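I opened the structure and took notes as I went.

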Amino acid sequence: GDDSDGECAVPMVNRFHMPDNGNHMFWYSHNYAGIHMVWLSTEHNFSRGSDMYEWLNKDLSSVDRDVTPWVFLMGHRPMYCSRAADSNLVIQLHQREEYEDILYKYGVDIFFTGHYHSYDRTCPVYRNECLSNSGEAMATVHLMVGMAGAGIDPPKWRSDVKWSEYHAVQYGYSRLHVMNSTHISVEYVENSNGNILDEAWIISKHRWHTYSN
């Protein structure tokens, strides 16, 4: 774009230092307690065979789920989003086509994104289908948590999706409570009064991706 005269991200790249196991700033990973955390750039080439795709595949394949049972992925643009905005739908579909299979193959538990200034939580979803077994997640839960900064988006939502379990546009923030190796509590807290607008449990033994192999 033309909003930075060609210098977009230059200050960030020169001022911040991230783990050096990826591409310095735009994709990398590290462990925190029982979580393997992975950052991706949805603004770079993520197609099959690209540098980032190959790195992601290698990184996730090396995770020891006995050490870090939970795997979180973070990126800017959502792969699943029920916002009624055609401008990003093509990118959502392209992400699903190119690397959703990697998320399923290696059992990524949660994909955190933003981009839209609103909140959206999906069911455990893979290829547009909600997958669970007696309350246990059998696919990735997508959490779009973009409601804590710039102006809130208008409340326009798609009515043709079945994987969005809750969405809203109030200013707020998310809280994540990792209870143990199999249970996580997710909360969406309204900024103005502290009310909890959404609360859900993610339960996983982190083996669902092996059942089909």
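**Cavity, helix, pocket**

I found one cavity of 30 Å³ or more in the structure. I noted that the model is predicted.

How much space lies in the largest cavity? I read about 30 Å³.

Next I looked up the lining. Leu-40, Phe-46, Met-52, Tyr-53, Leu-56 and Tyr-99 line the largest cavity. I sorted this lining by class and got six nonpolar residues, with no polar and no charged ones.

Which helix gives the most to this lining? I wrote down H2, residues 51–61, which gives three residues.

I then turned to H2 itself. Its buried residues are Met-52, Tyr-53, Trp-55, Leu-56, Asp-59 and Leu-60. Why do they lie on the same side of H2? They do so because they cover an arc of only 165° around the axis. I checked the face turned away from that buried side as well. There I found the exposed residues Asp-51 and Lys-58.

My next entry is on the largest pocket. Its volume is about 380 Å³. I counted 17 residues in its lining. Those closest to the pocket centre are Met-12, Phe-26, Leu-40, Ser-41 and Glu-43.

How does the lining of the largest pocket divide by class? I noted 11 nonpolar, five polar and one charged residue.

Methods: Residues are numbered from 1 along each chain as its sequence is written. This is a predicted model: local features need pLDDT of at least 70, side-chain atom pairs count only at pLDDT 80 or more; totals for chains, interfaces and linings use all residues. Side-chain values use heavy atoms; hydrogens and water are left out. On a 1 Å grid over the protein atoms alone, a cavity is a set of points where a 1.4 Å probe fits but cannot get out, and a pocket is an open set with protein on both sides within 12 Å along at least five of seven lines; lining residues have an atom within 4 Å of a point. Grid points are joined across faces, edges and corners, and a volume is the space filled by probe spheres set on the points. Helices (H or I, at least four residues) and strands (E, at least two) are DSSP runs, numbered from the N terminus. Ala, Val, Leu, Ile, Met, Phe, Trp, Tyr, Cys and Pro count as nonpolar, Asp, Glu, Lys and Arg as charged, and the others, Gly among them, as polar. Buried means under 20% relative accessible area, exposed over 50%, partly exposed in between (1.4 Å probe, protein chains only). The arc is that of the directions from the helix axis to the C-beta atoms.
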